[in-house]
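Please look at the sequence and the three-dimensional structure together, and keep both in view while reading.

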Amino acid sequence: MFTPPLESIPADLVSLSDYARYAKQHLPTPIYEYIAGGGADEISLKRNRDAFDRLLLQPKVLRNMSQGQTQSTLLGSPLRYPALLAPVAFQQLAHPEGELATARAANALDTGMVVSTLSSTSMEQLAETLEGPKWFQLYFQQDRDFTLNLVRRAEQAGYSHLMVTVDAPLHGIRNRAQRAGFQLPEHVRAVNLDDRPPLPRKVLEPDQSIVFQGMMSEAPSWSDINWLQQETRLPIILKGIMHPDDALQAKQMGIAGVVVSNHGGRTLDCVPAAFEVLPEIRQAVGTDYPLLLDGGIERGTDIFKSLALGANAVMIGRPQIYALAVAGALGVAHMLRVLREEFEVTMALAGTPTLADISAQCLWQPK
Ligand SMILES: Cc1cc2nc3c(=O)[nH]c(=O)nc-3n(C[C@H](O)[C@H](O)[C@H](O)COP(=O)(O)O)c2cc1C
């Protein structure tokens with residue numbers, strides 16, 4: 001059995017990892033395992049977190065902080081502080097109000113939300129609800145006309161950016177979710193895909209691979225990204241970049257920015273933490289190219305470290321779902337406030353009044 005969502009925040013719930021702990025009591029085990037889990041042996045999932053913990057700060061004191069502030073603009077979207085809610089599918093798994101509750105919390109805390117293709121609430125309803133930055137995350141569909149249909153709907157609904165996820169043309173090896181017997185319950189579905197035309201049944205020859213000739217045969221490639229650029233005027237951001245060559249290619253093609261991400265350790269296992277590859281990607285694309293980072297962000301110090309190594313902003317994945325499960329919109333709003341305050345406290349104690357003051361010099365380099 002599991003506990004229904006709380007209506008107030010308990011006194012001992014003070015950090016994002018507390019939400020992860022509480023969420024276990026508020027979710028059926030298979031759903032918790034699906035959300036919390038990563039790919040295969042979860043080496044990358046664990047590494048996402050460990051990479052942050054390994055790096056330490058070296059503060060400077062007695063700075064004048066009276067003009068301190070955390071605002072910035074990312075690709076034309078104003079950010080109250082440099083964090084967005086990452087696209088997370090099927091949020092009605094965690095709470096009956098699902099993405100609507102998350103969107104209300106995003107409004108209350110002035111935080112941008114990236115709406116998933118696989119949201120369990122329609123992208124139109126979410127666009128109406130969201131008051132701040134509205135970004136839509138696109139998964140290419142096998143049927144290119146239907147992909148374009150999603151893009152047109154996003155444009156019409158008023159989304160300002162398309163974040164195209166490129167690291168998950170198929171699911172990773174999700175052993176933890178498999179062991180827990182996770183299945184999508186009947187009442188939760190990807191409503192944006194309701195009108196998707198039925199896929200033609202593909203019959204494979206015995207010597208053909210279900211991965212290469214089956215699932216991957218329709219997977220998008222760089223030429224599809226180029227096609228999308230011709231079809232829409234919305235800025236495109238590629239999510240799931242881990243190699244400097246890919247980041248550079250995106251930049252050279254006129255892609256607006258990239259998200260350095262290993263999908264929260266949920267797709268290919270045995271890759272480094274996104275945070276570990278951030279410096280080489282920043283170096284490849286130069287100082288001015290917009291870079292986001294996600295994977296393992298749980299503390300204000302994690303946001304600070306990400307900015308110090310070259311990210312312009314970060315995205316928060318699992319903690320939003322844990323907070324949603326624990327206390328609905330109230331939980332997500334509280335979680336975001338905790339994170340924002342932690343980030344401000346970090347800036348203040350590290351001696352960096354503005355985002356521009358945060359650099360690699362704020363990190364401790366063992367001599
Ligand atoms: C339950 C769950 C569902 C997700 N759904 C999507 C999705 O629909 N689209 C997408 O691009 N990424 C999706 N992601 C990945 C997140 O956007 C993000 O990259 C990742 O969660 C960041 O790591 P973190 O959870 O450690 O913060 C999902 C992640 C989780 C945990």
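Why is helix α4 (residues 98-108) largely enclosed by the rest of the structure? Eight of its 11 residues are buried, and so the rest of the structure largely encloses α4. A residue counts as buried if 20 or more other C-beta atoms lie within 10 Å of its own, as exposed if 12 or fewer do, and as partly exposed in between, with C-beta atoms placed from the backbone. Helices (H or I, at least four residues) and strands (E, at least two) are DSSP runs, numbered from the N terminus. This is a predicted model, in which local features need pLDDT of at least 70 and side-chain atom pairs count only at pLDDT 80 or more, while totals for chains, interfaces and linings use all residues. Residues are numbered from 1 along each chain as its sequence is written.

Among the buried residues of α4 are Gly-98, Glu-99 and Leu-100. The buried residues of this helix pack against β3 (83-85), β4 (112-115), α5 (123-129) and α13 (318-350), where two residues are in contact if their C-beta atoms, placed from the backbone, lie within 7 Å. After α4 comes Asp-110, whose phi is positive, near 55°.

The strands β3 and β4 belong to a closed barrel of eight strands, which runs β3-β4-β5-β6-β7-β8-β9-β10 with parallel pairing; two strands pair if DSSP finds at least two bridges between them. One example is β6 (residues 161-165), which pairs with β7 (residues 236-241) in the parallel sense over four bridges, and here Thr-165 has Lys-239 of β7 as its bridge partner.

Leaving aside residues up to four places away in sequence, Val-260 touches several residues, including Ile-241, Met-242 and Leu-293.

Most residues other than glycine have a negative phi, yet Leu-62, which is not a glycine, has a positive phi of about 65°, and His-263 has a positive value near 65°. Leu-62 is found in the loop between α3 (43-54) and β1 (72-74), and it counts as exposed because it has 6 C-beta neighbours inside 10 Å. His-263, in the loop between β8 (257-260) and α11 (274-285), is buried, because 25 other C-beta atoms lie within 10 Å.
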